[in-house]
Amino acid sequence: IPFDSVVNDRETIAKDLKNLISKLRSDQSDNTELAKYSPYLAKFQWCGEENHLELPGQYTGDHCPIPSEHIKIIKFDEKITIFKSLRMPIKINIYCSNGKKYPFIVKYGEDLRQDERIQQIFHHMSEMLRADEKCRNHQLSIKGYRVVPISTCCGILSFVENTMSVFDLIKHGLERKEGNADKLDECRAEFIKFLRVHSMGEKD
(Lines give C-alpha, C1' and ligand atoms only; values in the text may rest on other atoms or scores of the structure.)
Protein backbone atom coordinates (compact mmCIF):
# COMPACT_ATOMS: atom_id res chain seq x y z
CA ILE A 1 0.00 0.00 0.00
CA PRO A 2 1.47 3.39 -0.95
CA PHE A 3 2.45 5.57 2.01
CA ASP A 4 0.46 8.56 0.71
CA SER A 5 -2.77 6.55 0.61
CA VAL A 6 -2.22 5.30 4.18
CA VAL A 7 -1.71 8.87 5.38
CA ASN A 8 -4.79 10.02 3.51
CA ASP A 9 -6.84 7.15 4.97
CA ARG A 10 -5.72 8.06 8.48
CA GLU A 11 -6.56 11.71 7.94
CA THR A 12 -9.98 10.76 6.57
CA ILE A 13 -10.69 8.45 9.52
CA ALA A 14 -9.51 11.07 12.01
CA LYS A 15 -11.71 13.69 10.35
CA ASP A 16 -14.74 11.37 10.40
CA LEU A 17 -14.16 10.51 14.07
CA LYS A 18 -13.83 14.19 14.96
CA ASN A 19 -17.12 14.96 13.20
CA LEU A 20 -18.81 12.03 14.95
CA ILE A 21 -17.62 13.17 18.40
CA SER A 22 -18.77 16.72 17.62
CA LYS A 23 -22.21 15.41 16.60
CA LEU A 24 -22.48 13.22 19.73
CA ARG A 25 -21.59 16.19 21.94
CA SER A 26 -24.14 18.35 20.17
CA ASP A 27 -26.85 15.68 20.58
CA GLN A 28 -25.96 15.17 24.24
CA SER A 29 -26.05 18.90 24.93
CA ASP A 30 -29.62 19.03 23.65
CA ASN A 31 -30.76 16.32 26.09
CA THR A 32 -31.63 18.39 29.14
CA GLU A 33 -34.09 15.98 30.78
CA LEU A 34 -32.76 14.56 34.05
CA ALA A 35 -34.84 11.38 33.50
CA LYS A 36 -32.68 10.48 30.48
CA TYR A 37 -29.58 10.32 32.71
CA SER A 38 -31.00 9.19 36.06
CA PRO A 39 -34.64 8.03 36.31
CA TYR A 40 -34.13 7.50 40.06
CA LEU A 41 -33.16 11.11 40.77
CA ALA A 42 -35.85 12.40 38.41
CA LYS A 43 -38.56 10.54 40.37
CA PHE A 44 -37.08 11.17 43.82
CA GLN A 45 -39.42 12.96 46.25
CA TRP A 46 -38.78 13.13 50.01
CA CYS A 47 -41.81 13.53 52.24
CA GLY A 48 -40.24 13.19 55.68
CA GLU A 49 -39.64 9.43 55.69
CA GLU A 50 -36.60 7.64 57.06
CA ASN A 51 -34.98 7.06 53.66
CA HIS A 52 -33.71 10.56 53.01
CA LEU A 53 -30.83 12.09 51.06
CA GLU A 54 -28.69 14.83 52.59
CA LEU A 55 -27.39 17.88 50.75
CA PRO A 56 -23.73 17.13 49.82
CA GLY A 57 -20.88 18.93 51.56
CA GLN A 58 -22.21 19.06 55.13
CA TYR A 59 -19.47 16.88 56.64
CA THR A 60 -16.56 19.32 56.93
CA GLY A 61 -14.48 17.76 59.71
CA ASP A 62 -14.51 21.01 61.73
CA HIS A 63 -17.02 19.72 64.27
CA CYS A 64 -18.95 16.62 65.25
CA PRO A 65 -21.78 16.16 62.72
CA ILE A 66 -25.43 16.15 63.84
CA PRO A 67 -27.24 14.37 60.97
CA SER A 68 -30.68 15.16 62.41
CA GLU A 69 -29.97 18.87 61.80
CA HIS A 70 -28.58 18.43 58.30
CA ILE A 71 -30.38 19.83 55.27
CA LYS A 72 -32.35 17.16 53.43
CA ILE A 73 -33.01 16.93 49.69
CA ILE A 74 -36.68 17.27 48.73
CA LYS A 75 -36.34 16.77 44.98
CA PHE A 76 -34.17 17.43 41.93
CA ASP A 77 -35.00 19.83 39.12
CA GLU A 78 -36.27 17.91 36.09
CA LYS A 79 -34.14 20.06 33.79
CA ILE A 80 -30.32 20.01 33.69
CA THR A 81 -27.70 22.07 31.87
CA ILE A 82 -24.77 20.46 30.03
CA PHE A 83 -21.75 22.70 29.51
CA LYS A 84 -19.92 22.37 26.19
CA SER A 85 -16.43 22.28 27.69
CA LEU A 86 -13.96 19.37 27.46
CA ARG A 87 -15.46 17.27 30.30
CA MET A 88 -19.03 18.36 29.55
CA PRO A 89 -20.00 18.82 33.23
CA ILE A 90 -23.67 18.83 34.17
CA LYS A 91 -25.40 21.51 36.23
CA ILE A 92 -28.24 20.23 38.41
CA ASN A 93 -30.51 22.13 40.81
CA ILE A 94 -31.43 20.57 44.16
CA TYR A 95 -34.46 21.69 46.20
CA CYS A 96 -34.01 21.21 49.95
CA SER A 97 -35.88 21.06 53.25
CA ASN A 98 -34.89 24.63 54.21
CA GLY A 99 -36.81 25.99 51.22
CA LYS A 100 -33.69 26.87 49.24
CA LYS A 101 -32.43 25.77 45.84
CA TYR A 102 -28.81 24.65 45.56
CA PRO A 103 -27.13 24.45 42.12
CA PHE A 104 -24.37 21.85 41.77
CA ILE A 105 -21.96 20.81 39.03
CA VAL A 106 -21.45 17.08 38.40
CA LYS A 107 -18.00 16.54 36.92
CA TYR A 108 -16.60 13.28 35.52
CA GLY A 109 -13.08 12.52 34.36
CA GLU A 110 -11.14 14.45 37.03
CA ASP A 111 -9.90 13.72 40.54
CA LEU A 112 -11.38 16.50 42.70
CA ARG A 113 -9.62 15.57 45.95
CA GLN A 114 -6.95 18.24 45.44
CA ASP A 115 -9.67 20.82 44.72
CA GLU A 116 -11.31 19.81 48.00
CA ARG A 117 -8.05 20.34 49.93
CA ILE A 118 -7.55 23.78 48.35
CA GLN A 119 -11.05 24.84 49.39
CA GLN A 120 -10.32 23.63 52.93
CA ILE A 121 -7.18 25.79 52.99
CA PHE A 122 -9.20 28.79 51.74
CA HIS A 123 -11.78 28.18 54.48
CA HIS A 124 -9.11 28.20 57.22
CA MET A 125 -7.46 31.28 55.72
CA SER A 126 -10.83 33.04 55.78
CA GLU A 127 -11.27 32.08 59.45
CA MET A 128 -7.86 33.60 60.24
CA LEU A 129 -8.81 36.82 58.42
CA ARG A 130 -12.01 37.08 60.44
CA ALA A 131 -10.08 36.48 63.67
CA ASP A 132 -7.77 39.45 62.98
CA GLU A 133 -9.30 42.77 64.04
CA LYS A 134 -7.86 44.87 61.19
CA CYS A 135 -8.82 42.29 58.56
CA ARG A 136 -12.28 41.99 60.13
CA ASN A 137 -12.77 45.76 60.00
CA HIS A 138 -12.00 45.68 56.27
CA GLN A 139 -14.36 42.68 55.86
CA LEU A 140 -11.61 40.59 54.28
CA SER A 141 -12.53 36.99 53.51
CA ILE A 142 -12.17 34.34 50.81
CA LYS A 143 -15.25 33.18 48.97
CA GLY A 144 -15.17 29.41 48.62
CA TYR A 145 -17.45 26.66 47.40
CA ARG A 146 -18.19 23.05 48.24
CA VAL A 147 -16.21 20.26 46.59
CA VAL A 148 -17.34 16.67 47.24
CA PRO A 149 -15.20 13.96 45.60
CA ILE A 150 -17.25 10.80 44.99
CA SER A 151 -14.46 8.72 43.48
CA THR A 152 -11.03 9.31 41.94
CA CYS A 153 -12.66 10.33 38.64
CA CYS A 154 -15.99 11.84 39.66
CA GLY A 155 -17.27 14.50 42.03
CA ILE A 156 -19.66 17.37 42.56
CA LEU A 157 -19.07 21.07 43.17
CA SER A 158 -21.41 23.81 44.31
CA PHE A 159 -22.13 26.15 41.40
CA VAL A 160 -21.12 29.77 42.04
CA GLU A 161 -23.67 32.15 40.53
CA ASN A 162 -22.77 35.33 38.59
CA THR A 163 -19.40 34.00 37.45
CA MET A 164 -17.69 33.73 34.07
CA SER A 165 -15.55 30.96 32.63
CA VAL A 166 -11.92 31.71 31.69
CA PHE A 167 -12.84 31.11 28.03
CA ASP A 168 -15.66 33.67 28.16
CA LEU A 169 -13.41 36.10 30.06
CA ILE A 170 -10.74 35.95 27.34
CA LYS A 171 -13.39 36.23 24.63
CA HIS A 172 -14.93 39.26 26.34
CA GLY A 173 -11.51 40.89 26.71
CA LEU A 174 -10.66 40.37 23.04
CA GLU A 175 -14.02 41.75 21.95
CA ARG A 176 -13.46 44.84 24.10
CA LYS A 177 -9.84 45.39 23.01
CA GLU A 178 -9.84 44.20 19.39
CA GLY A 179 -13.49 44.73 18.53
CA ASN A 180 -13.94 40.99 17.90
CA ALA A 181 -12.81 37.61 19.18
CA ASP A 182 -11.21 36.39 15.93
CA LYS A 183 -7.81 36.13 17.63
CA LEU A 184 -9.06 33.53 20.12
CA ASP A 185 -7.58 30.60 18.17
CA GLU A 186 -4.31 32.52 17.81
CA CYS A 187 -4.20 33.13 21.58
CA ARG A 188 -4.88 29.45 22.27
CA ALA A 189 -2.06 28.39 19.91
CA GLU A 190 0.36 30.81 21.61
CA PHE A 191 -0.62 29.47 25.03
CA ILE A 192 -0.06 25.85 23.98
CA LYS A 193 3.31 26.86 22.50
CA PHE A 194 4.22 28.56 25.79
CA LEU A 195 3.36 25.41 27.76
CA ARG A 196 5.47 23.22 25.49
CA VAL A 197 8.51 25.52 25.67
CA HIS A 198 8.41 25.81 29.46
CA SER A 199 7.42 22.25 30.35
CA MET A 200 9.86 20.30 32.52
CA GLY A 201 9.66 17.12 30.48
CA GLU A 202 7.53 15.03 28.18
CA LYS A 203 5.11 13.95 30.93
CA ASP A 204 4.63 17.54 32.09
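The accessible surface of the protein comes to about 15,900 Å², and carbon and sulfur atoms account for 55% of that area. The model is a predicted one, and within it buried residues make up 21% of the 204 residues in the protein.

**Overall architecture**
- The protein contains 6 helices and 6 strands, which follow one another along the sequence in the pattern α-α-β-β-β-β-α-α-β-β-α-α.
- When contacts between residues at least 6 apart in sequence are considered, 46% of them join residues that are at least 24 apart.

- Ser38 is placed in the loop that runs between helix 1 (3-30) and helix 2 (39-43).
- Because its relative accessibility is 18%, Ser38 counts as buried, the cut-off for that class being under 20%.
- A polar atom of the Ser38 side chain lies 3.3 Å from the backbone nitrogen of Leu41.

**Cysteines**
- The structure holds 0 disulfides, a disulfide being, in general, a covalent bond between the sulfur atoms of two cysteines.
- For Cys154, the closest cysteine sulfur is that of Cys153, and the distance of 6.3 Å is too far for a bond, given that a disulfide requires cysteine sulfur atoms within 2.5 Å.
- Cys154 counts as buried because its relative accessibility is 16%.
- Cys135, with a relative accessibility of 17%, therefore also counts as buried.

Technical notes: Residues numbered from 1 in each chain as written. Predicted model: local features only at pLDDT ≥ 70, side-chain atom pairs only at ≥ 80, totals over all residues. Heavy atoms only, no water. Helix = DSSP H or I, 4+ residues; strand = E, 2+ residues; numbered from the N terminus. Buried < 20%, exposed > 50% of the residue type's maximum accessible area, 1.4 Å probe, protein only. Polar contact = N/O pair within 3.5 Å; in protein donor to acceptor, adjacent residues only side chain to side chain. Contact = heavy atoms within 4.5 Å. Areas by Shrake-Rupley, 256 points an atom, 1.4 Å probe, with all protein chains shown as cover.
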